[in-house]
Amino acid sequence: MSVADDIFAADVTLYGPEFPDGVRGSVALPRQVTAIRSAFPDMRLTVERQVIEGDRAMVRWTMIGTQRGEFKGLSPTDRTILLSGVDLLYVTGGRITMIWSYFDAMIA
């Protein structure tokens with residue numbers, strides 16, 4: 001997260017299943033990442049495909065991890081989850097200004 005300010009605009013807006021109306025601000029993304037890393041300390045994120053065209057990028061990714069910490073009010077389950085998703089990124093002035101995130105989750 002030490003490079004977040006270099007990558008994301010101060011008013012970056014996140015949209016997705018958790019934020020259907022969007023959440024704005026560069027604080028929201030680090031908070032989300034910190035919560036995920038705390039809950040899933042063995043998390044592995046793999047970029048499956050990336051396409052960049054002009055001021056837009058599409059990233060298809062998978063994430064696997066075991067819930068060892070509290071996440072969104074849920075106590076640790078010690079269960080492994082697999083997320084598969086796509087993020088659409090919009091870039092202005094060399095920084096990401098908007099993220100649309102879509103994902104499906106499976107629990108093992």
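Good morning, colleagues. Please keep in mind throughout that the model is predicted.

I shall begin with the largest pocket. The volume of this pocket is about 1,200 Å³. Its lining consists of 40 residues, and those lying nearest the centre are Q32, V33, I36, W61 and D87. Which element gives the most? That is β6, with 6 residues. As to the class of these residues, 29 in the lining are nonpolar, 6 are polar and 5 are charged.

I turn now to the largest nonpolar core. As general background, nonpolar side chains in soluble globular proteins tend to be buried together. In this model, the largest nonpolar core has 17 residues, and the members that touch the most others are F8, L89, I96 and I99. Two or more residues of this core come from each of β1, α2, β4, β5 and β6. The largest share belongs to β4, which supplies 4 residues.

I96 is placed in strand β6. Is I96 buried or exposed? I96 counts as buried because its relative accessibility is 12%, and the cut-off for that class is under 20%. Which residues does I96 contact, once neighbours within four places in sequence are left aside? They are I7, F8, A9, V12, L89, Y90 and V91.

Next, the strand pairing. β3 and β4 are paired in the antiparallel sense, with 9 bridges between them. Within this pairing, T46 has T62 in β4 as its bridge partner. The hairpin formed by β3 and β4 has 2 residues between the strands, and in this hairpin G54 adopts a positive phi near 65 degrees.

On to the following pair. How many bridges join β4 to β5? There are 11, and these two strands also run antiparallel. Here M63 is found opposite L83, a residue of β5.

Finally, the loop between β4 and β5. I would draw your attention to two residues in this loop, S75 and D78. S75 is classed as exposed because its relative accessible area is 52%, where the cut-off is over 50%. Although S75 and R95 are 20 residues apart along the chain, their C-alpha atoms are separated by 36 Å. D78 is likewise exposed, at 52% relative accessibility.

To close, let me return to two elements. β6 leads the contributions to the pocket lining, and this strand also holds I96, one of the residues that touch the most other members of the core. β4, for its part, gives the core its largest share and is paired with β3 as well as with β5. Thank you for your attention.

Definitions and conventions. Residues numbered from 1 in each chain as written. Predicted model: local features only at pLDDT ≥ 70, side-chain atom pairs only at ≥ 80, totals over all residues. Heavy atoms only, no water. 1 Å grid on protein atoms, 1.4 Å probe; cavity = no way out; pocket = protein on both sides within 12 Å on 5 of 7 lines; lining within 4 Å. Points joined across faces, edges and corners; volume = space filled by probe spheres on them. Nonpolar A, V, L, I, M, F, W, Y, C, P; charged D, E, K, R; others polar. Core = buried A, V, L, I, M, F, W, Y, C linked by side-chain atoms within 4.5 Å. Buried < 20%, exposed > 50% of the residue type's maximum accessible area, 1.4 Å probe, protein only. Contact = heavy atoms within 4.5 Å. Pairing = 2+ DSSP bridges.
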